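The sequence and the model come first.

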Amino acid sequence: MVVCEQPAHAPAPAHGARQSARWTFTGTAGQTVALGLSSPGRTVVLRVLDTSGKELGVAYAGLGGGVLTVALPALGSYQVLVTNNEDTPTTAGQISLTRK
């Protein structure tokens with residue numbers, strides 16, 4: 001697991017079919033974060049989860065990548081979950097976290 005803190009630019013590893021990778025970051029109540037995923041090679045699903053596992057936002061990233069912007073409800077740790085949404089492996093991409 002890679003811990004993302006600003007500025008965060010972590011390599012998103014290649015994934016096998018339907019596999020996931022997770023990263024964590026901390027945030028404060030009311031803070032907005034933008035998560036970017038570039039060049040995943042295939043369609044992937046980008047999610048942000050709170051500490052209880054509740055999904056706060058979801059976006060699909062295709063060959064050109066994607067961005068997910070989420071307002072955080074509380075102070076704490078959050079997870080970024082990137083899941084390969086296809087039956088074939090993906091190539092590596094780049095994940096970034098920007099605090100607004």
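Q31 is buried, with a relative accessible area of 16%; buried means under 20%, exposed over 50% and partly exposed in between, with a 1.4 Å probe and protein chains only. The model is predicted, so local features need pLDDT of at least 70 and side-chain atom pairs count only at pLDDT 80 or more, while totals for chains, interfaces and linings use all residues. Residues are numbered from 1 along each chain as its sequence is written, and side-chain values use heavy atoms, with hydrogens and water left out.

Q31 sits in the loop between strand 3 and strand 4. Leaving aside residues up to four places away in sequence, Q31 touches T26, V70, A71, L72, R99 and K100, where contact means heavy atoms within 4.5 Å. The C-alpha atoms of Q31 and V70 are separated by 8.4 Å, and the two residues are 39 apart along the chain.

**Overall composition**

The protein chain has zero helices and nine strands, taken as DSSP runs numbered from the N terminus (helices H or I, at least four residues; strands E, at least two). Its pattern along the sequence is β-β-β-β-β-β-β-β-β. Of its 100 residues, 44% count as buried. Among contacts between residues at least 6 apart in sequence, 71% join residues at least 24 apart. The accessible surface comes to about 5,000 Å², and 54% of this belongs to carbon and sulfur atoms; the areas come from the Shrake-Rupley method with a 1.4 Å probe, and for residues only the protein chains shown count as cover.

**Strand pairing**

Strand 9 is mostly covered, with five of its seven residues buried.

**Core and aromatic pair**

The largest nonpolar core has 19 residues, and those with the most contacts inside it are F25, L37, L46, V48, V80, V82 and I95. Such a core is a set of buried Ala, Val, Leu, Ile, Met, Phe, Trp, Tyr and Cys residues joined through side-chain atoms within 4.5 Å. At least two residues of this core come from each of strand 3, strand 4 (32-38), strand 5 (44-49), strand 6 (55-61), strand 7 (66-71), strand 8 and strand 9 (93-99).

Rings of Phe, Tyr and Trp (its six-membered ring) pair if their centres lie within 6.5 Å; planes under 30 degrees apart count as stacked, over 60 as edge-to-face and the rest as tilted. By this rule there is one aromatic pair. The ring centres of F25 and Y78 are 5.7 Å apart and the planes are at 25°, so the pair is stacked. F25 lies in strand 3 (residues 20-27) and Y78 in strand 8 (residues 76-84), 53 residues apart, so that the pair links distant parts of the chain. Both F25 and Y78 are buried.

**Salt bridge**

A search of the whole structure finds one salt bridge, defined as a side-chain nitrogen of Lys or Arg within 4 Å of a carboxyl oxygen of Asp or Glu. R47 forms a salt bridge with E55, with the closest N and O atoms 2.7 Å apart. R47 is partly exposed at a relative accessible area of 22%, and E55 is partly exposed at 40%.
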